[in-house]
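User: Hi! Could you walk me through this model? I'd like to start with the strands.

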Amino acid sequence: MAFSFGQHLSFSAHCALRQVTLAAVAVCAWVSAPAQSLVQLTEQAQIHDAAWQSARAQLDASISKGAQAKAGLLPQIGIQAGSQYSETRVRGNFPTVPLDGRQDSASLQAQQPLYNPANVATYRQGQRNVDLAYAQVDASGQDLLVRSAKAYFQVLSAMDTLSLVQAQKRAVAEQLEYAKRNFEIGTATVTDSREAQARFDLVRAQEIASENDVRVAQAALEQLVGVAGASPWPLAQPVHLPQLTPNDLQTWLDTADAQNPMVRQAQIAVDMAKLETDKAYAGHKPTVDLQASYGTQRNPDGSMTLPQRNNSTAGTVGVVMTIPLFAGFAVQNRVKETLSLEEKSRADLEDAKRQVAQTVRTAFFGVQSTYGQVHALQAAVASSQSALEANVLGYEVGVRINIDVLNAQSQLYQSQKDLAQARYNLLVGHLQLRQAAGNLQMQDVHTINELLSPAQIAAAHVSNSLTNK
């Protein structure tokens with residue numbers, strides 16, 4: 001099919017202008033399954049993700065373990081029963097007297113701790129351990145939301161890159177055909193066609209790499225969500241990016257100090273270390289228990305004291321106090337150990353707060369920087385488009401050479417690729433900032449989801465068919 005130069009210019013400019021939104025073309029080309037939103041795939045990940053399920057199972061185990069710790073404060077009741085046979089021979093200055101017989105016994109025993117500081121500390125540790133498990137589940141849940149968003153937008157980014165590379169290949173192919181035709185009619189040198197051929201071969205290699213990147217990103221998303229053929233919605237056009245609220249670093253730092261799961265876990269570790277010290281000090285303290293028992297004994301063959309058949313019952317109730325006096329300095333050394341561990345937990349808490357604060361600063365400044373990058377890249381795309389049109393016009397009138405047009409095309413497509421990536425980085429950055437602050441919720445995913453649109457896929461079908469004509 002032959003093109004005039006005017007046709008070539010119009011078609012190249014048309015293709016270049018439409019590449020900002022070509023991510024949906026790759027969606028249609030690579031995935032035939034119905035598309036899913038970010039919320040849908042995140043909910044699937046919550047069902048399928050092994051790390052999240054592990055954290056939930058650990059929470060259930062910690063709740064049961066916390067209930068076990070309460071046992072030291074509750075009554076202990078048991079029944080003991082037995083039967084034994086004995087043979088007894090009594091010898092003396094009288095005939096030997098055999099006293100053989102069976103003895104049956106049964107008793108009910110109960111004990112209620114009245115004062116046991118070690119058991120109280122163990123119970124409180126069990127409750128704090130449940131709080132720790134909740135903090136771990138919270139951290140795992142927020143991490144899952146971020147991982148899902150990263151995998152989701154990684155697929156879109158890979159598809160964007162593939163779409164842009166394919167569009168660039170088509171534009172370079174047209175430039176190559178035009179250069180060959182001009183060389184045949186003697187209006188251009190062989191250098192033009194060779195430069196275009198070299199650029200075409202380079203773009204073809206980039207296309208192969210981009211196709212592989214799409215497959216890898218798609219596989220990673222499917223592994224995370226457990227859905228075969230997962231197909232993410234693209235960004236709605238025109239793109240509306242969310243604003244950073246609040247736009248104040250100190251507010252985010254204060255939120256992280258109070259809500260970040262890592263800080264909460266470190267604070268709980270301090271509390272548990274203090275309780276462990278209380279348990280160690282309890283080694284010096286007495287314990288008081290209420291004890292009661294009721295039992296019966298049956299001697300069908302009699303006994304030494306009462307040869308005839310007899311039955312007896314007995315019941316007791318009382319308070320028992322145990323006072324430790326000396327345990328070979330074990331208690332004193334245990335107290336020293338727990339005090340050192342308590343100091344260690346405080347240092348770990350301070351380290352956690354510093355790490356979280358640095359993570360918040362990094363995420364906050366990253367979001368702000370990405371906003372600037374998006375605005376700058378939007379201007380770069382517009383400028384690159386103007387530069388391409390100027391170079392094509394200059395080539396037509398003879399003041400620009402073929403390589404100038406090829407370089408302008410590459411610059412435009414690279415700017416469009418960087419702009420798309422910056423937008424995805426910004427969306428993920430919002431979630432990462434909230435994760436660092438510790439207040440990332442599913443509602444934040446819903447907010448990002450509102451920026452996506454399945455209608456963009458249908459539009460991409462039309463755009464793809466027009467581009468391939």
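Analyst: Happy to! S1 and S4 run antiparallel and are joined by 11 bridges. Strands here, like helices, are DSSP runs numbered from the N terminus (E, at least two residues, for strands; H or I, at least four, for helices). Two strands pair if DSSP finds at least two bridges between them.

User: Before we go on, what should I know about the source of the model?

Analyst: It is a predicted model: local features need pLDDT of at least 70 and side-chain atom pairs count only at pLDDT 80 or more, while totals for chains, interfaces and linings use all residues. Residues are numbered from 1 along each chain as its sequence is written, and side-chain values use heavy atoms, with hydrogens and water left out.

User: Thanks. Which residue in S4 is the bridge partner of Ile77?

Analyst: That is Ala110.

User: And in what order do the four strands of the open sheet come?

Analyst: The order is S1-S4-S5-S6, with antiparallel pairing. S1 (76-86) and S6 are the edge strands, each pairing on one side only. From one strand to the next, the twist averages 15°; axes are lines fitted to C-alpha atoms, for helices over the stretch in contact, and angles run from 0 to 180 degrees between N-to-C directions.

User: How many bridges pair S4 with S5?

Analyst: There are 11, in the antiparallel sense, between S4 (residues 101-115) and S5 (residues 287-299). Gln112 has Leu290 in S5 as its bridge partner. S5 is also joined to S6, by 13 bridges and again antiparallel, and Tyr294 stands opposite Gly315 in S6.

User: Switching to helices: how do H8 and H9 pack?

Analyst: Their axes are 8 Å apart, at an angle of about 170°. H8 covers residues 261-281. The two helices are therefore roughly antiparallel to each other; the classes are roughly parallel under 35 degrees, roughly antiparallel over 145, roughly perpendicular from 65 to 115, and oblique for the rest. The contact of H8 with H9 has 15 nonpolar, five polar and seven charged residues. Ala, Val, Leu, Ile, Met, Phe, Trp, Tyr, Cys and Pro count as nonpolar, Asp, Glu, Lys and Arg as charged, and the others, Gly among them, as polar.

User: What span should H9 have from its 68 residues?

Analyst: At 1.5 Å a residue, H9 should span 100 Å, and its end C-alpha atoms are 96 Å apart, which agrees. The expected span is 1.5 Å times one less than the number of residues.

User: Nice. What is the phi of Phe329?

Analyst: It is positive, about 65°, although Phe329 is not a glycine. Most residues other than glycine have a negative phi, and most peptide bonds are trans. Phe329 sits in the loop between S6 (310-322) and H9 (330-397). It counts as partly exposed because its relative accessibility is 49%; buried means under 20% relative accessible area, exposed over 50%, and partly exposed in between (1.4 Å probe, protein chains only). After H9 comes Gly398, with a positive phi near 95°.

User: Where are the cis peptide bonds at Pro238 and Pro246?

Analyst: One joins Gln237 and Pro238, with omega about -5°, and Pro238 lies in the loop between H6 (190-225) and H7 (249-259). Another joins Thr245 and Pro246, with omega about -5°; Pro246 has its place in the loop between H6 and H7.

User: Last one: what does Gln432 touch?

Analyst: Leaving aside neighbours within four places in sequence, Gln432 is in contact (heavy atoms within 4.5 Å) with Val146, Lys150 and Ala363. Gln432 is in H10 (residues 402-437). Gln432 and Ala149 are 283 residues apart in sequence and 9.9 Å apart in space, C-alpha to C-alpha.
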